[in-house]
Amino acid sequence: MSGVKRKRNVLNVKQKLEILQNLDNGESTSSDAEDVLNEGNIVSQSAALQSVETLLDYMGQSGFDNGDITAVRKICVDIRQEMNK
């Protein structure tokens, strides 16, 4: 299987910023992120976890509401639980 590359779809900066703006406006973004990630490609759990952890870092540095940060942390927990199945 050497030489075979798997295509991964992760959120780009524009998509992440769009989701952050929605969070800032008090909107739910879980379905938005799912829609972006499910556009015909499969995302590895480790790539998703890395993206969410990067988002958490950004949110912590940008002074986001603790409720929003807690919601994103729950996503990390959910991804880790799926990885451990």
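The model is predicted: local features need pLDDT of at least 70, side-chain atom pairs count only at pLDDT 80 or more, and totals for chains, interfaces and linings use all residues. Residues are numbered from 1 along each chain as its sequence is written, and side-chain values use heavy atoms, with hydrogens and water left out. The protein chain has four helices and zero strands. Helices are DSSP runs of H or I with at least four residues, strands are runs of E with at least two, and both are numbered from the N terminus.

**Whole chain**

- Along the sequence, the pattern of the protein chain is α-α-α-α.
- The protein chain has 85 residues, of which 29% count as buried (under 20% relative accessible area; exposed is over 50%, partly exposed in between, with a 1.4 Å probe and protein chains only).
- The accessible surface of the protein chain is about 6,400 Å², and carbon and sulfur atoms hold 47% of that surface. Accessible areas come from the Shrake-Rupley method with a 1.4 Å probe.
- Among contacts in the protein chain with a separation of 6 or more, 66% come from residues 24 or more positions apart. Contact means heavy atoms within 4.5 Å.

**H1 against H3**

- Helix H1 spans residues 13-24 and helix H3 spans residues 45-61; their axes come within 12 Å and cross at roughly 50 degrees. Axes are lines fitted to C-alpha atoms, for helices over the stretch in contact, and angles run from 0 to 180 degrees between N-to-C directions.
- H1 and H3 are therefore oblique to each other (under 35 degrees is roughly parallel, over 145 roughly antiparallel, 65 to 115 roughly perpendicular, the rest oblique).
- From H1, Lys16, Leu17, Leu20 and Leu23 meet Ser51, Thr54, Leu55, Tyr58 and Met59 of H3.
- The contact of H1 with H3 holds six nonpolar, two polar and one charged residue. Nonpolar covers Ala, Val, Leu, Ile, Met, Phe, Trp, Tyr, Cys and Pro; charged covers Asp, Glu, Lys and Arg; the others, Gly among them, are polar.

**H3 against H4**

- Helix H4 spans residues 66-83; the axes of H3 and H4 come within 10 Å and cross at roughly 160 degrees.
- H3 and H4 are therefore roughly antiparallel to each other.
- Their crossing, H3 with H4, is left-handed.
- Residues of H3 in this contact include Leu49, Val52, Leu56 and Met59; those of H4 include Val72, Ile75, Cys76 and Ile79.
- The H3 contact with H4 has 12 nonpolar, three polar and five charged residues.

**Ser46**

- Ser46 sits in helix H3.
- Ser46 counts as partly exposed because its relative accessibility is 43%.
- Ser46 and Ile79 are 33 residues apart along the chain, with C-alpha atoms separated by 8.3 Å.

**Phe64**

- Phe64 lies in the loop between H3 and H4.
- Phe64 counts as buried because its relative accessibility is 12%.
- Leaving aside neighbours within four places in sequence, Phe64 contacts Leu20, Leu23, Asp24, Tyr58, Met59 and Ile69.
- Phe64 and Asp24 are 40 residues apart in sequence and 7.7 Å apart in space, C-alpha to C-alpha.

Key: Left-handed = near helix turned anticlockwise from the far one by under 90°.
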